[in-house]
Amino acid sequence: MSVGEPVPVGDGLAPTERLRRGGPLVTELRYVLRHSRSVQIGLAIVVLLLLAGLLAPLLTSYAPDKIDLSNTLKPPSHSHLLGTDELGRDEFTRILYAARVSMVVGLAAVAISNILGVVFGLVAGYAGGFVDNVIMRAMDGILAFPALLLALLVISVLGPGLFKILVAFGIAFAPANARLLRSMVVSVRQNEYVLAAQALGASHTRIMVRYVLPNAVSPLIVSASLGMGFVIIGLAGLGFLGLGAQPPTAEWGAMLSGSQARFFTAPWLLISPGGMILTAVVGYLLLGDGLRDALDPRLRQSK
Amino acid sequence: MTGTQTDTELLRLENLRTWFHTRSGVVRAVDGVDLSVAEGQTVCLVGESGCGKSITALSIMRLVDPPGRIEPDSRMFFRGRNMLSLSGDDFRHVRGSEIAMIFQEPMSSLNPLYPVGAQIAEAISAHHDVRRGKAMTRAIELLDMVGIPSPRSRAREYPHQMSGGMRQRVMIAMALSNEPKLLIADEPTTALDVTIQAQILDLLEQLRDSLQMAMLLITHDLGVVAEMADDVNVMYAGRIVEHGPVTDIFAHPQHPYTEALLHSMPVLGMTQDEPLEVIRGMVPNPLAWSEGCRFAPRCDHAFERCSEDPPLMPAGRQQSACWLCESGPRSSSGVEVTA
């Protein structure tokens with residue numbers, strides 16, 4: 001019996017890449033990682049920041065809120081790599097621990113917004129009609145509030161706190177994800193394999209979870225990365241206004257705002273948290289942008 | 001053509017109407033189809049593009065999406081039960097386990113993100129409460145049954161690593177995973193090249209016999225009909241215009257449409273100088289079907305009577321919806337079948 005050789009068809013990959021073991025999405029991401037400079041740089045920054053936050057206790061011998069009044073406002077030196085602040089706390093240590101706060105809030109907010117976005121977007125796009133309309137109009141309603149405004153609203157009612165902020169951000173960013181996923185679901189649902197799955201008697205839940213979602217989810221990878229960038233900026237902004245993390249928690253925005261009066265006397269206290277915010281945001285945006293550039297041709301093809 | 005033919009009726013459609021209620025009007029895609037399939041039999045549904053073959057198949061699966069709707073007076077009996085009165089959830093258990101379907105386009109009918117073995121196992125677990133390992137073993141058996149070499153390693157491959165013919169084999173394995181009584185095949189070989197077509201048709205025929213299932217084969221290829229069918233239904237503009245055993249239909253077609261279809265087939269030994277007969281005109285727009293016989297505007301035999309709607313009339317062993325057959329079979333020129 002003659003059987004044709006495996007004939008690869010257009011999924012936007014080089015043939016050698018395509019024939020590797022591993023699912024198409026994994027192969028795709030591997031390819032992107034190897035060929036996109038901005039993904040490489042962005043990922044390097046993100047990984048370094050994650051490691052800095054995780055390994056903070058190993059990287060420094062100081063505690064983040066250890067006050068040392070005999071050592072206030074010291075410029076960077078061998079014993080204090082980035083100097084000390086007005087209470088004699090080691091700036092380097094505080095920067096590292098603040099990375100933890102940003103990462104945790106960012107990841108949690110992005111996780112919340114993605115879970116909400118996936119649930120609502122998937123159901124709306126798959127069900128269509130009335131259900132779709134109700135869900136998406138509700139999402140439009142949330143979309144009317146800018147993320148920062150929604151967070152301010154929550155804080156003004158419930159008082160400041162990181163948990164409230166991350167929930168507020170999670171909800172504020174959910175509609176964008178829901179819309180993105182819904183549009184993908186609507187197009188993926190047209191595929192013949194969805195009809196074939198129905199013809200096999202698969203339930204709606206099974207079709208949504210096993211057939212539609214995995215084929216529709218890749219743009220959310222991009223939006224998750226970009227979302228991290230926005231959440232970090234938002235968190236720093238709230239911190240700067242004194243509405244984010246409360247003292248003595250180390251947080252980049254709060255550190256920045258606490259030191260702005262000392263711009264001329266202790267500039268290191270401004271440069272280091274500011275630099276960290278910039279680096280983190282640039283890292284996530286580079287990663288997200290690179291992923292989008294790399295994944296987009298495929299999205300266009302699959303339509 | 002040696003299907004284990006019994007007279008036990010498996011599927012019967014009575015006055016099936018599937019209409020699409022669109023903004024520009026009601027599209028009567030399937031408009032009063034009567035059709036029956038006996039156990040173990042291969043029934044072909046033939047017709048031009050746009051005559052309602054695929055919608056008939058999707059209607060049997062109850063997979064017509066809005067604005068399409070199976071009209072309330074339609075009836076569909078499967079093993080004696082009226083399928084149209086079942087709830088959606090009850091019918092879901094029929095779908096895939098008792099009636100299965102394979103599609104035209106094997107390239108896009110498989111989920112690109114999972115290995116084929118896992119997809120077959122999934123089809124099994126949709127209807128049976130089996131453990132993953134057991135479903136996988138069964139999937140490998142099925143791949144072997146549909147003639148995929150080294151099924152164990154092939155089961156771990158993704159659809160994009162397979163050729164069109166192999167993917168269609170996988171689709172067949174999936175459709176047969178729950179041993180359905182009826183397999184609906186909607187142009188299963190149209191997207192494949194000729195040598196693979198023959199292999200797939202042979203495979204279907206062999207599986208039909210070994211699994212003792214009936215098959216409703218939808219095609220526009222009369223060569224396929226001659227090779228596979230026991231019974232033939234010719235469809236035109238949403239209706240069955242002729243029905244009968246395959247040999248009779250080919251030897252003495254009763255409806256002028258069937259006759260014209262047969263003569264538009266190229267015959268082996270024809271030279272390039274001989275013009276191929278064509279049916280003039282096109283399938284009429286389903287939004288505006290004329291009263292009376294819908295084929296009349298394209299028919300060489302049309303006469304006054306054709307302004308009235310012809311019912312299916314017995315004509316020998318066939319039935320034909322043509323006024324020419326009102327007083328029994330008419331003489332017509334058929335083609336020789338060499339199956």
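Predicted model: local features only at pLDDT ≥ 70, side-chain atom pairs only at ≥ 80, totals over all residues.

Colleague: How many helices and strands in chain A?

Modeller: Chain A has 13 helices and zero strands. Both are DSSP runs numbered from the N terminus: helices are H or I, at least four residues, and strands are E, at least two.

Colleague: And what percentage of chain A is buried?

Modeller: Buried residues are 42% of its 303 residues. Buried means 20 or more other C-beta atoms within 10 Å of the residue's own, exposed means 12 or fewer, and partly exposed lies in between; C-beta atoms are placed from the backbone.

Colleague: At what angle do H5(A) and H8(A) pack?

Modeller: About 35°, with the axes 5 Å apart. Axes are lines fitted to C-alpha atoms, for helices over the stretch in contact, and angles run from 0 to 180 degrees between N-to-C directions. The residues of that contact divide into 23 nonpolar, seven polar and two charged. Nonpolar covers Ala, Val, Leu, Ile, Met, Phe, Trp, Tyr, Cys and Pro; charged is Asp, Glu, Lys and Arg; the others, Gly among them, are polar.

Colleague: Where do H8(A) and H10(A) meet?

Modeller: A:Leu181, A:Met184, A:Val185 and A:Val188 in H8(A) meet A:Val212, A:Asn215 and A:Ala216 in H10(A). Contact means C-beta atoms, placed from the backbone, within 7 Å. Six of these contact residues are nonpolar, one is polar and none is charged. The axes come within 9 Å and cross at roughly 120°.

Colleague: Now the core. Which residues have the most contacts inside the largest one?

Modeller: A:Phe169, A:Val212, B:Leu182, B:Ile184 and B:Val225, in a core of 183 residues. Helix H5 of chain A gives the most to this core, 14 residues. A nonpolar core is a set of buried Ala, Val, Leu, Ile, Met, Phe, Trp, Tyr and Cys residues joined through C-beta atoms within 7 Å.

Colleague: What does B:Leu182 touch?

Modeller: Its contacts include B:Leu10, B:Val37, B:Ile99 and B:Met213, leaving out residues up to four places away in sequence.

Colleague: Last one. Is B:Asp90 buried or exposed?

Modeller: B:Asp90 is exposed, because it has 11 other C-beta atoms within 10 Å. B:Asp90 sits in helix H2 of chain B, residues 88-94.

How values were computed: Residues numbered from 1 in each chain as written. Chains lettered and ligands numbered in written order. Contact = placed C-beta atoms within 7 Å.
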